[in-house]
Amino acid sequence: MCDLPEGVAVRPYEPTDTDVFWELKRGFELGIGEGTGGDGKLDTYEAKLTDDYRERYLSWVERCTTEDPGCVVVAEAEKGEDGTESSLAGYAFALPEEMTFIWDAAVLNEIFVAPEFRGTGVADALMQAVLDHARSQDLPLDRMVLDVDEANDRARAFYDRYGFDHWGELVARDL
């Protein structure tokens, strides 16, 4: 396992994490549009973060984690000596085994670390946890895939460190 900052531990997602988890999810979504596609991309991601989307997304996370415990992991920063409450430093979300046939492989759906915990080893620990979980899945291909914006140099460098190779190209269009 990776070295983590003191007081930080990686564990499976729990339903009591929803409020703090949602704030991290918002950071993930807003980070996608920030600096990687102009104002239009950021506006698109901001617009989807409605109360209805929050409810639907958290319900989906609950269904996924009920079906495949461990597919969502969080890095929890323990309660500080100064009395601050424990909080989540980040999360990683591998799609449940049932959904691996989307790509015939494990799918890293999301990984996000709060800005104040970047560069501390939290992302490495989360990545190790989802890789370990993916290895426990019954996969058609022993591979993990993910979508990363080519303009996101920080994320691309992180995935390069873990041996991810370019494997096709994801394209999209509006419905």
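A salt bridge here is a side-chain nitrogen of Lys or Arg within 4 Å of a carboxyl oxygen of Asp or Glu. The side chains of R135 and D132 meet that test at 3.1 Å, N to O. The model is a predicted one.

**Salt bridges**

Nine salt bridges occur in the structure. Three of them are tabulated here.

| Pair | N to O distance |
|---|---|
| D17 and R11 | 2.7 Å |
| E110 and K25 | 2.5 Å |
| R135 and D132 | 3.1 Å |

The E110 and K25 bridge joins strand β4 to helix α1, so it ties together parts 85 residues apart in sequence. E110 and K25 are both buried. D17 and R11 are buried too.

R135 and D132 sit within helix α4, three residues apart, which means about one helical turn separates them. R135 counts as exposed because its relative accessibility is 58%. D132, at 39%, is partly exposed. Elsewhere, bridges with shared partners link R11, E14, D17 and E76 into one network.

**Nonpolar core**

The largest nonpolar core holds 48 residues. Within this core, F21, Y57, Y91, F93 and M127 touch the most other members. Elements that each supply at least two residues include α1 (18-33), β2 (72-77), β3 (87-94) and β4 (106-113). Also among them are α3, α4 (122-135), β5 (144-145) and α5 (153-161). Helix α4 gives the most, with seven residues.

**Surface patches**

Negative charge gathers in a surface patch made of E67, E97, E98 and D138. E67 belongs to helix α3, residues 51-67. Its relative accessibility is 42%, so E67 is partly exposed.

A nonpolar patch also lies on the surface. I102, W103 and L170 form this patch, with about 320 Å² of accessible area together. L170 is placed in the segment after α5. At 49% relative accessibility, L170 is partly exposed.

**Loop residues**

D104 lies in the loop between β3 and β4. Its phi is near 60 degrees, a positive value in a residue other than glycine. Most residues other than glycine have a negative phi.

A151 occupies the loop between β5 and α5. With a relative accessible area of 39%, A151 is partly exposed. A151 and I32 are 119 residues apart in sequence, yet their C-alpha atoms are 10.0 Å apart in space.

Definitions and conventions. Residues numbered from 1 in each chain as written. Predicted model: local features only at pLDDT ≥ 70, side-chain atom pairs only at ≥ 80, totals over all residues. Heavy atoms only, no water. Patch = residues over 30% accessible without salt bridge, like charges linked within 9 Å, V, L, I, M, F, W, Y side chains within 5 Å. Areas by Shrake-Rupley, 256 points an atom, 1.4 Å probe, with all protein chains shown as cover. Lys, Arg positive; Asp, Glu negative; His and termini not counted. Charge placed at Lys NZ, Arg CZ, Asp CG, Glu CD. Helix = DSSP H or I, 4+ residues; strand = E, 2+ residues; numbered from the N terminus. Buried < 20%, exposed > 50% of the residue type's maximum accessible area, 1.4 Å probe, protein only. Core = buried A, V, L, I, M, F, W, Y, C linked by side-chain atoms within 4.5 Å.
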